[in-house]
Amino acid sequence: MGSSDSFVKFDKVDKSYDGEILVVKDLNVDIPKGEFLTMLGPSGSGKTTTLMMLAGFETPTGGEIYLDGEAINKIPPYKRGIGMVFQNYALFPHMTVNENLAFPLEVRKLSKSNIEEKVKKALGMVELEAFGSRMPLQLSGGQQQRVALARALVFEPRLVLMDEPLGALDKKLREQMQYEIKHIHEQIGITVVYVTHDQNEALTMSNRIAVFNDGKIQQISSPDILYEKPENAFVAQFIGENNQLKGKVKSINGKMCVVKTEKGEEIKSLKVNVNSIGDASTVSLRPERVEINSSDSSFENSFEAKVKELIYLGDHIRTRVEVCGNDQFIVKVPNSYKGANLKEGASVKLSWKASDSRALDLR
Amino acid sequence: MNQTASEPILTTDGIPLKVSLQKSERKNKIRAFLLVAPLLVFILVTFLIPIADMLVRSIDDRQINTVFPKTFEVYKKWDQQGLPSEELYETMFFEVKNSEGYDIGKASTRMNYSKSGWKSLLKKSKRKFKKIEEGPYKEQMIAAEKRWGDIDYWKALGVMVDPTTMGYYLNAVDLKFDSNKEIIRQKENRRIYNHTWIKTFKISFLVMFFCLILGYPISYLLATLPLKYSNLLMICVLLPFWTSLLVRTVAWMVMLQQKGVLNNLLVMSHVIADENRFQLMYNQTAVVIVMTQILLPFMVLPLYSVMKTIPPTYMRAALNLGASPLHAFWKVYMPNSVPGISAGCMLVFIIAIGYYITPELVGGKDGQMVGNWIAYHLKTTLNWGLCASLGAILLAVMTVLYWAYNKIVGIENIKLG
């Protein structure tokens, strides 16, 4: 992505609170106009700090943030024109829903009729037309969430930030809101930067996901690539379920390599994040890409394994096996005739393709 | 079981459920009552009964009737036109002559409140009446003391016939009954209370105002600073709280007097000339300064406890929506801190309005508040009826303020912690 179409640009941004530890290290991101970018990571990974710097509540210790080509480090938050949805909504409890929505418009000195019209429209967008005269505390969590969303959008900001906005909702409501936010984004085409630690949320809504860890972006790409082609062991482990096999690189052949485990098994893998022969490596493999007792000969990898545990989950059976020195290896076996025959303690044959096992760095 | 709706629900033992529930709850209720009983008795004895006694005392006028019972009986027949009859003189004569010195002393004090002169009249008469052997008494009494012939003295007795009186209350607002039982203003040189009331409210209001102005920023800082700094600051706020009131007051006397620390510093730094030293002690200024310092924690604590509950994201949200920091503060933070403001103001105002020791020590003549007059009448003039009425008015004012506050702001908006 070239810098020409970057709407938001982080240019070598550092942030430290105490002068000793960098919570954000050398951050470089370009966000094109209209994109839904999610910052995903465990707590303390620097994602919220990054968002706060963009909103203007924290000042970068180094580097510069650009919004629409303009350096904004020195612009106070109230002059940035960025909408934000806060973690606990931060609706003003002493104002009605209408007054909450009118607040940013009154500050901008719009005419009364204009304000009324826009408030109405924004409430319509989140389907809360009938609730304008209620106080925020008289609304349910989901309704408050929608009001917060409407308030962040009502003044037509250039950019909307969302800081774990769905964290306080129950699972069902959260999923529903995810779709709603996604649809609103598609409707009005606004640029959104979203922070969450919930990978499902990130996968559902985003155009791109930036995975944060340790103050750095580990990988930034679309959800499918992130899942299918993780570039390092952290991303592979953080997004979705993942089997890890540890070993050393034995040989390299172009895009492929062979990783040899301690016990001597040789796993043919994609060379992703290893450089030379002898490097320690973690081979990452998605559980659903492993076949049990397959007679297909197109699988490059095939090993003997012992079934340790079977967990019945309805549509599939979660099978824990010991293979290549890892007894936490998970295979998802579809609940079909084949799966029904498995017994704990039985020996099985596991096979997978070399292109599905990715040789990554050691963690 | 086939129960109809009208039948009471029974427990498995066959007792109606409601009875059974009451039985099991009774034990809890008794226990709860026993737990609060000592405090309840304590408050009853030391607080509610004295207040009731005070309220009674403020209108009580029975004592005088027990000293001159017959006189007042005959007095009721008098038409208030011309001097009373021989009969009234006669009963008065015997009741004065035969009364105990102690009783007549107390009665004469009371009579003096409605017309000054009664006290000395009775004192002298009691001595002179010994020489009068037989009637008719009217002429002899007037001959002994000319004032017995003055109709005003007789008229002044009229307000004392009732066992209750509004006289003390009138007195507390610079009014009195004249000899015709009409309400009139006190003589100019005796009007002290209205002026004192106004002064008391003014001082209390100023103290409340300055506490708010000084306390609000501190409380804000306390509520928003990281814990390790806010704890230190909190100790600084509370430290004076732990120091004796007298020590603090006397320290202020050292600070503020004419040759005190503050004036000396100002003179030394040539801000003021030596002969123009500020008069900061023994006046209202001193009372306001010292009381503000003493009552500040009562403002800070409720403010702090309310501000602590205002999430910092409110301000952030307001800024994010485009409000300048000042606007965000005024429209978002301040309204959310109103419960703390009102609790603090109520607390400080109510404590200030009845304050006694500080104005006594630093107020001089100019800085006396109602509390000081109550103490004066309680200890020096022994006019407890007036004390009681002044106290009752204070109580009434506070009740009215509380009521008005509840109407305007709502009492559920008060928050002390």
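## Close-up views of a predicted two-chain model

**View 1. A strand pair in chain A, seen through one residue and its partner.** Start with Met39(A): its bridge partner in S8(A) is Val195(A). The model is a predicted one, in which local features need pLDDT of at least 70 and side-chain atom pairs count only at pLDDT 80 or more, while totals for chains, interfaces and linings use all residues. For finding your way around, residues are numbered from 1 along each chain as its sequence is written, and chains are lettered from A and ligands numbered from 1 in the order in which they are written. Strand S3 (residues 36-40) of chain A and strand S8 (residues 191-196) of chain A run parallel, joined by 5 bridges. Two strands count as paired if DSSP finds at least two bridges between them. Strands (E, at least two residues) and helices (H or I, at least four) are DSSP runs, numbered from the N terminus.

**View 2. Stepping back to the open sheet of 6 strands in chain A.** What is the order of the strands in this open sheet? Reading across chain A, you get S6-S7-S8-S3-S9-S10, with mixed pairing. At the edges sit strand S6 (82-85) and strand S10 (216-221) of chain A, each of which pairs on one side only. From one strand to the next, the twist averages 20 degrees. Angles like this run from 0 to 180 degrees between N-to-C directions, with axes as lines fitted to C-alpha atoms (for helices, over the stretch in contact).

**View 3. A hairpin in chain A, and the strand on S11.** Strand S11 (residues 243-253) of chain A pairs with S12 (residues 256-261) of chain A in the antiparallel sense, over 6 bridges. Look for Lys248(A), which stands opposite Lys260(A) in S12(A). The hairpin of these two strands has 2 residues between them, and Gly254(A) takes a positive phi near 65 degrees there. S11(A) also pairs with strand S14 (residues 280-285) of chain A, again antiparallel and over 6 bridges. In that pairing, Asn243(A) has Leu285(A) in S14(A) as its bridge partner.

View 4. The contact takes 11 residues from domain 1 of chain A and 13 residues from domain 2 of chain A; two residues are in contact if their C-beta atoms, placed from the backbone, lie within 7 Å. On the domain 1 side, strand S9 (208-213), S10 and helix H7 (223-228) of chain A are the elements that give two or more residues. That side divides into 5 nonpolar, 5 polar and 1 charged residues. Here Ala, Val, Leu, Ile, Met, Phe, Trp, Tyr, Cys and Pro count as nonpolar, Asp, Glu, Lys and Arg as charged, and the others, Gly among them, as polar.

**View 5. Chain A meets chain B.** How many residues does each chain bring to the contact? Chain A brings 17 residues and chain B brings 15. On the chain A side, S6 and helix H2 (97-107) each supply at least two residues, and H2(A) gives the most, with 3. By class, this side of chain A has 14 nonpolar, 2 polar and 1 charged residues.

**View 6. A mostly covered helix in chain B.** Helix H15 (residues 312-320) of chain B has 7 of its 9 residues buried. Buried means that 20 or more other C-beta atoms lie within 10 Å of the residue's own; 12 or fewer makes it exposed, and anything in between partly exposed, with C-beta atoms placed from the backbone. Among the buried residues in H15(B) are Tyr314(B), Arg316(B) and Asn320(B). Their cover includes helix H1 (47-55) and S6 of chain A, along with helix H16 (325-353) of chain B. Just after H15(B), Gly322(B) takes a positive phi of about 110 degrees.

**View 7. Chain B and its domains.** Chain B has 19 helices and 2 strands, and its C-alpha trace spans about 100 × 95 × 35 Å along its principal axes. Three domains are assigned: domain 1 (12-52), domain 2 (62-190) and domain 3 (193-413). The C-alpha centres of domain 2 and domain 3 of chain B are 47 Å apart. Where these two touch, 6 residues of domain 2 of chain B are in contact with 8 of domain 3 of chain B.

Methods
Domains from an automatic or database assignment.
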